[in-house]
Amino acid sequence: MPSRGWGMLRARPKTTSIFRSEVMSLVQLYIPSDVARFTVSQLGEMGLLEFRDLNADVSAFQRSFVSDVRRFDEIERKLRYLRSQIERSDVEVYDFLDEDFAGRSRGPRDIDEMEERISAHESRVLKLTAAYKSLQLKHLELVENKHVLEEVSSLFSEITGRQQPSVARGGSIGRSATAGSSSNRYDTAPLLGRTDTSSRRSIGSMDAARAGDALGFDVEAGSAIGHDINVGFITGVISRDRVSTLERVLWRSLRGNMFLNYVDIDEPIHDPKQDGPVYKSAFIVFAHGESLRDRATKIAESLGATLYHVDSSAERRQEELIDTMSRIDDLHQILENNNVARINELTSVSEQINTWFTVVRKEKAIYHTLNLCNYDANRNCLIAEGWCATNDIAAVQSSLHIATEDAGSNVPTVLQELRTTKEPPTFIRTNKFTDGFQNIVDAYGVPKAGEVNPGLFTCITFPFLFALMFGDLGHGFLMTICAGLLCFYERKLAWLAKDESMRMFYSGRYIILLMGIFSMYTGFLYNDIFSRAMGLFTSGWAWPTDLGGEGVTVEATKLGHTYAIGIDPAWHHASNSLLFTNSYKMKMSIVLGVIHMTLGICLQVPNALHFKKRINILHVFVPQIIFLFSIFGYLVFAILFKWSTDWYARDASGELTHVSPPSLLNMLIYMFLSPGSVNESERMFRGQAALQTFLLL
């Protein structure tokens, strides 16, 4: 079972140890119905009890307090809606938590009042939001209608302007000369279908003059005179990227018996149905007959166009344009007032929303816990069972007494300790220093109750193994300074725990501190500071004064002493430094790894003694330790022997006292492939073959 739910306890235990988990007791509670909610709330605030599910065979929908859980689910839904509106409106959420309300046992009246306030806020925000969206849609309709009126009026003005020269030449608009001077051909060209016009386009078999003549424009008066020719028009706005589609579909559906003209609206239009501003175009379509106009209307609407009615009379269009602009100004003011009222409402919500979320989640947890209990109808009480640390039973009884007083009841909750053979959950007490290391251990596996806790040893082994890989005095110093500041000012910097990106650094500040300290130590041994060597002591090697020029390989001369502490800085300048350091660190990793594994195996001894299973020492611990030491323990011995032997020492006659240093990898391989035989050139000491045979057996 997980142990982290027991980590943050308020009551101090009589005795505590991180070496093992706490001794647990199974307790049974008889809770009167009128104080059940207060009791669970108080126990939850203390965090001293882990309840067992006594209704495992009952579905979640058939439990006693499922209606209360659904009630708070609904309240939480309202709070999520309010928070989403707050985020959309960019209202600042106050980082405030009413500890007096959220940290105590709340009565039914407190919960009812909170629910009424949340419901009232939600109702007002819903109404204001719905009104705001409705006003936005109305504002969008008026803005689009304004653009349509402006563009259609401009179009009709140009149609009228093109008709006047035709009449002056003695012909009607519909009978403009098709052959003549170039100016006549220019006059009868489709409306705005010229190279000097870039903002408009027009297509169709009807030209501008025919469209204006069909509508019955009196050139002298500039108004409609009401011809009987059945030519009408539709107007509207459409998204700019769908204009070309509208052109092609209308041309093919109406077989060219139409006249389309559109103009791009320069300023973007804010559509509440879209995420951002939308660029649109205003268009007008002339067509013969009502059936063609109806077909054009359906096509335009199917492509997402919004159609608006525009009068053919210039005076009425002007009056409608003035009226539309006036309504836009009024609606803009109403929108501002609505938005101010909505922001004020959300601001008042933001001051309490964190407290409400905390209370609602606590209440849901209370009723979820009550659903784990059995209800005794004869005694009118709830029967609960749970695990708690034996040292905390007194604190649990004190919490039960406080809950009875808060509920105003004279009937106390009865607690009795049960004897059981069930395996208890693992409860390991932690503090702000050990909590981070315990989390690392629990990420891989939680020890059984009563077993030795690896978290105690992880406090040293984890930062030390990190430092072996990250050994640098300078970088370790920077880590130590940063982590030290986080530890020294941990109360002032407690807000970092609420930030998602900084929470890990703040909670692991003590881990980083130890990693920095150990990195400084190993960096000092590696003689490394910001990847540079430190000459703190006299080097054991001397470079020749004459380097021989570029490209010449020189060898350092070994002096009669060794570097005092750590790696000699002369190796940092050598071309074979990687060969030396990699071999050294690889062998050091093997030695430390075997020590680490030995520690893990040795922990089985106290576990076997604790659980009174001494046979495990003989049949588990001893075989494992023999197997480990026979292979890897021998390898560690060989590494240390090779390090401590001067393989290039000479006797009085100048002869080498040892053969060349052997390859430990080949030695270990041939220990299994050729047991009992060792090549003379690879022999390290006398009796090596017999020892390897004995270890292998």
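**Rings and a cavity**

Visitor: What does F19 count as, going by its relative accessibility?
Guide: With 29% relative accessibility, F19 counts as partly exposed. Buried means under 20% relative accessible area, exposed means over 50%, and partly exposed is in between (1.4 Å probe, protein chains only). This is a predicted model, where local features need pLDDT of at least 70 and side-chain atom pairs count only at pLDDT 80 or more, while totals for chains, interfaces and linings use all residues. Residues are numbered from 1 along each chain as its sequence is written, and side-chain values use heavy atoms, leaving out hydrogens and water.

Visitor: OK, rings now. How many aromatic pairs does the structure hold?
Guide: There are 19 aromatic pairs. Rings of Phe, Tyr and Trp (its six-membered ring) pair if their centres lie within 6.5 Å; planes under 30 degrees apart are stacked, over 60 edge-to-face, and the rest tilted. Take F19 and F457: their ring centres are 6.5 Å apart and their planes sit at 70 degrees, so that pair is edge-to-face.

Visitor: And which parts of the chain does that pair tie together?
Guide: F19 is in the segment before β1 (24–32) and F457 is in helix α13 (residues 455–469), so the pair ties together parts 438 residues apart in sequence. Helices (H or I, at least four residues) and strands (E, at least two) are DSSP runs, numbered from the N terminus. F457 counts as partly exposed too, at 23%.

Visitor: What about F72 and Y367, what kind of pair are they?
Guide: Their ring centres are 5.7 Å apart with planes at 25 degrees, so they're stacked. F72 belongs to helix α2 (residues 66–88) and Y367 to helix α10 (residues 353–370), so this pair ties together parts 295 residues apart in sequence.

Visitor: Is F72 buried or exposed? And Y367?
Guide: F72 counts as buried at 1%, and Y367 is buried at 9%.

Visitor: Which residues do ring pairs link into a cluster?
Guide: That cluster is W541, W571, F580, Y584 and W643.

Visitor: New topic: how much space lies in the largest cavity?
Guide: About 50 Å³. A cavity is a set of points, on a 1 Å grid over the protein atoms alone, where a 1.4 Å probe fits but cannot get out; lining residues have an atom within 4 Å of a point. Grid points are joined across faces, edges and corners, and the volume is the space filled by probe spheres set on them.

Visitor: How many residues line the largest cavity?
Guide: 10 residues, with E151, N261, A282, F283 and I284 nearest its centre. The elements giving two or more lining residues are α4 (108–168), β7 (258–264) and β10 (280–288).

Methods. On a 1 Å grid over the protein atoms alone, a cavity is a set of points where a 1.4 Å probe fits but cannot get out, and a pocket is an open set with protein on both sides within 12 Å along at least five of seven lines; lining residues have an atom within 4 Å of a point.
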